[in-house]
Amino acid sequence: MEYAKGLLSRAKELAAQTAQEIQGQRYIAQDQREAPSTTLSPAASLSSSVQTLEARIGRFKLELRGSRINLDNLKRLAYNGIPDSGNLRATVWKLLLSYLPLTPDDWSKELAKRRTTYHVFCEELIVDPKRQAEHGGCSAAEETAGTDSDGTTPRIAGPLALPQGPRTAGGVPVDDHPLCLSQTSKWNTYFKDSETMVQVERDVLRTHPDMHFFTGDTPEAEAHREDMKRALFMYAKLNPGLRYIQGMNELIAPLYYLFRNDTQDPHSAQYAEADAFWCFMELISDFRDHFCQQLDNAQTGIKATIRRLMQVLQYHDRELWYHIEVVHKVDPQFYAFRWLTLLLSQEFAFPDTLRIWDTILSDPQGRMDCLLRICVAMILHVGPVLRQGDFTVILKTLQRYPAVDVNVLLLRAAEMPPCSVVLGARV
């Protein structure tokens, strides 16, 4: 991210314009502010979350109205689930993922800076020599930037046009052409980027095929896919050591969906791509080593995490663990690999995934610790079926997890001691 930091200074002028646009469009009206709510009991858990919907929404709004948000209180509330009504989840997730500062007065300024910085990244890093030739070498700003309805902030519109230089009679730069093998060649970069984009596009097309928001031929669905593709591509460009790995589309999808449908922030839908990009960067920071094949056998790699999962299962039910892993020799990678890398996003219905992520993002023991406990709770919940089953039954049950009330799983996970205590080491 050193390169990203260097670009920040170039975004300041645009940020000032964006700040002016967003100023005054606060999530919570200034005249409704009150002091933060009193600190909740540390013993608060899922079992104490039985309240009316209106009361729970009111408690969230109360926490968001202070001059400085008490993050511990907000986490305790979110751990028990964020109400689907009131469009609170998008705002709360941005706070839990450190995208929004804890002082609401600074939200408009911070959003302006981050959204504009993302726009600058796209201008700088998306390369398309063909488009440059077609448009006669117009500037990046002329090629990519449009204006909002109020004539202020540039919008991300398309790939970056390259600067003009000496050209042949056919219009090709004399020092760069499609057959150039130089590492500094814009064409060489373009071809490598195209390979990444093909992989991203293939996965994005498969994202939640049961949801019209992501699939279909409607202009809206196509626009949503384009936004997600560009955000994932930008992650690959800014993280060349990891780049894009299959499955990342499943992690950015819930973020983009929430921000695209957020009505608390009047500009959230317009900037859902940028907001999802930054929140995805924070979310994956805790799990990125699971996607790196070179680290598979490292202490932070996916194989080590799966071993820790089995150790925690053995602690809670040694007989069940023995039946699965020793007697029938079911390799946990056959099911746990997907659970852990995709944060359970493919095991449950989309609304249930959002509910599970409420708890994962707000768990005081950390996201990884929480994820492991939920996975153990899943195995224990279907324990009676697994105990009676052979290799085929065990594998089928865990690979195609049966329908269940996810709140039952979360309650069971909440009652478990932290994995760091069980393993005697930080997870």
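A disulfide is taken here as a pair of cysteine sulfur atoms within 2.5 Å, and, in general terms, a disulfide is a covalent bond between the sulfur atoms of two cysteines. The structure holds zero disulfides. The sulfur of Cys370 has its closest cysteine sulfur in Cys419, at 8.9 Å, and the pair is therefore too far apart for a bond. The model is a predicted one, in which local features need pLDDT of at least 70 and side-chain atom pairs count only at pLDDT 80 or more, while totals for chains, interfaces and linings use all residues. Residues are numbered from 1 along each chain as its sequence is written, and side-chain values use heavy atoms, with hydrogens and water left out.

Cys370 is buried, with a relative accessible area of 1%, where buried means under 20% relative accessible area, exposed over 50%, and partly exposed in between (1.4 Å probe, protein chains only). Cys279 counts as buried too, because its relative accessibility is 0%.

For the chain as a whole, 52% of the 427 residues are buried. The protein chain exposes about 19,900 Å², of which carbon and sulfur atoms supply 51%; accessible areas come from the Shrake-Rupley method with a 1.4 Å probe, and for residues only the protein chains shown count as cover. The secondary structure consists of 21 helices and two strands, these being DSSP runs numbered from the N terminus (helices H or I, at least four residues; strands E, at least two). With contact meaning heavy atoms within 4.5 Å, residues 24 or more positions apart account for 71% of the contacts in the protein chain with a separation of 6 or more.

One helix to follow through the fold is α6, which spans residues 107–125 and includes Leu111. Leu111 counts as buried because its relative accessibility is 1%, and its C-alpha atom is separated by 10.0 Å from that of His267, a residue 156 residues apart from Leu111 along the chain.

Two packed helices are described by the angle between their axes and the distance between the axes. The axes of α6 and helix α10 (residues 219–238) come within 11 Å and cross at roughly 70°, which means that α6 is roughly perpendicular to α10. Axes are lines fitted to C-alpha atoms, for helices over the stretch in contact, with angles running from 0 to 180 degrees between N-to-C directions; angles under 35 degrees count as roughly parallel, over 145 as roughly antiparallel, 65 to 115 as roughly perpendicular and the rest as oblique. From α6, the residues Tyr118, Phe121, Cys122 and Leu125 meet Arg230, Ala231, Met234, Lys237 and Leu238 of α10. The residues of this contact divide into seven nonpolar, no polar and two charged, where Ala, Val, Leu, Ile, Met, Phe, Trp, Tyr, Cys and Pro count as nonpolar, Asp, Glu, Lys and Arg as charged, and the others, Gly among them, as polar.

The loop between α9 (186–204) and α10 contains His208, a residue other than glycine whose phi is positive, near 40°. His208 counts as buried, at 10% relative accessibility.

A positive phi, near 65°, is also found at Leu344, again a residue other than glycine. Leu344 is placed in the loop between α15 (333–341) and α16, and is buried with a relative accessible area of 0%. Thr353, in helix α16 (residues 350–362), touches Leu344, Ser345 and Phe348, not counting residues up to four places away in sequence. Thr353 itself counts as buried because its relative accessibility is 2%.
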